[in-house]
Amino acid sequence: MMEAARPPSTAGKFVVVGGGIAGVTCAEQVSKVLEEFDVEEQPNTMLENRFPNIKVIESGVKQLKSKEHCILTGDGSQHVYKKLCLCAGAKPKLICEGNPYVLGIRDTDSAQEFQKQLTKAKRIMIIGNGGIALELVYEIEGCEVIWAIKDKAIGNTFFDAGAAEFLTSKLIAEKAEAKIAHKRTRYTTEGRKKERQTKGSAGNMGSALGPDWHEGLNLKGTKEFSRKIHIETMCEVKKIYLQEEFRISRKKSLPFPRDHHNQPVTTDKEVWPVYVELTSEKIYGCDFIVSATGVTPNIEPFLCGNNFDLGEDGGLKVDDHMHTSLSDIYAAGDICTASWQPSPVWQQMRLWTQARQMGWYAAKCMAAAALGQSTDMDFSFELFAHVTKFFNYKVVLLGKYNAQGLGSDHELMLRCTKGQEYVKVVMQNGRMMGAVLIGETDLEETFENLILNQMDLSSYGEDLLDPNIDLEDYFD
């Protein structure tokens, strides 16, 4: 939690709850415009050294009393605020609570626990089809991986079936290429001392993983091969059995599918600690299960006695100034639901990039409101843009990249070179509405401009994606 005291004329503090990327960005930005300040759940030395007017309080929030403008923390203290920003993030939707063989990967602690478990594993099962699942299946070596997804194709949050197929061929190929270099600021967590993990804080959730979270983790199982992955599509988890329960059930589990030809159905002779029955009726045993099925906004600590308006996805509704329905309370990052009329080429996704943008913008809005000034909507909400890396390919998603909400009158243009690049453009009424760029295409800036300025491109037709035409000459 972070507090900022103001000069006497506007007495009271600015408080930010949450030590993830949204909270830290918000605190840093507010502290640049305000006098004195406090953060919760963040290794304090880093922030306090860089910003002397930030005071860090390492304690969870027990209760929010919005009418009294006051927060009670677990250490028994009270913090009266002038403006409050809630950046408590989201927590993983675990397929099964309290099962020692089900791991959720959400923060650095759970990622390290996963690495530890993996060193002893011969086979694991990954449930889910989002960003963390996509990164995991590619990075894991020396361990059989059964990947269960509820969709027809991998990564459907990010890709259509064409892009999924392009990437799947890379997944099945042997992994031997050099890693692509990162061209962005790296955010890391400082090594926290283990003795700080008292019983009171052991169950606390850390901040979400940044985009390079698996760097520096050795994700290797017990076997010597590089990668063995089997994908089970269109299915979810029906039941999880512990070893003894499975023995009593008298059911049979399947061995790891060895190849893509029709093999006779045989029984798995191996005895596993845990078994997963899928809705497709198939059963597989494994050493442990990774639950990577998305997140839900972490709103519980703030609900008691406070009548927040909530979005359909369970987040705190915020307007175009990141303000919730309660006075002087703002929210940013995964905890909030954007409830303003969005730009036609922007949508909210619970991604690291958006948490940072929202944290920065919320700070700007809080400071402006305190000083009686108005502030314009931040430019980052004009166009959805996300850069990431899947299967060692650079992936750029722009605008309505999956034609989200465009209706049936849109068209797609594709350019694909197997193993090298995949370019998809979403067009509507001659205008570019979105794009997916996989590989080193060098098209992102040009396409960003074309989506933003909504220029009529009908006259270019298919030439728009002709690799022999240099678009930059036309449109820069």
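Predicted model: local features only at pLDDT ≥ 70, side-chain atom pairs only at ≥ 80, totals over all residues.
Let's start with Ala 22, which sits in helix H1, residues 21-33. A word on labels: helices (H or I, at least four residues) and strands (E, at least two) are DSSP runs, numbered from the N terminus. Ala 22 is buried, at 5% relative accessible area. Buried here means under 20% relative accessible area, exposed means over 50%, and partly exposed is in between, with a 1.4 Å probe and protein chains only.

Residues are numbered from 1 along each chain as its sequence is written, and side-chain values use heavy atoms, with hydrogens and water left out.

Okay, salt bridges. Side chains of opposite charge can pair when their charged atoms come close. The cut-off used here is a side-chain nitrogen of Lys or Arg within 4 Å of a carboxyl oxygen of Asp or Glu. How many salt bridges does the structure hold? There are 13. One of them links Glu 144 and Arg 123, with the closest N and O atoms 3.0 Å apart. Glu 144 is in strand E12 (residues 144-148) and Arg 123 is in strand E11 (residues 123-127), so this pair ties together parts that are 21 residues apart in sequence. Both Glu 144 and Arg 123 are buried.

Next up is Glu 281 with Lys 238, where the closest N and O atoms are 3.5 Å apart. Glu 281 lies in the loop between strand E15 (274-278) and strand E16 (283-286), and Lys 238 in strand E14 (residues 237-242), so here the parts tied together are 43 residues apart in sequence. Lys 238 counts as partly exposed, at 49% relative accessibility.

Then Glu 277 and Lys 251 meet in a salt bridge too, 3.4 Å from N to O. Glu 277 belongs to E15 and Lys 251 to the loop between helix H7 (243-249) and E15, so the pair joins parts 26 residues apart in sequence. Buried or exposed, which is Glu 277? It's buried, at 4% relative accessibility. Lys 251 is partly exposed, at 35%. And salt bridges with shared partners join Lys 238, Lys 251, Glu 277 and Glu 281 into one network.

E14 and E15 pair over five bridges, and Lys 239 stands opposite Glu 277 in E15.

Last topic: the second largest cavity. Its lining includes Gly 333, Asp 334, Arg 350 and Met 358.

Key:
1 Å grid on protein atoms, 1.4 Å probe; cavity = no way out; pocket = protein on both sides within 12 Å on 5 of 7 lines; lining within 4 Å. Pairing = 2+ DSSP bridges.
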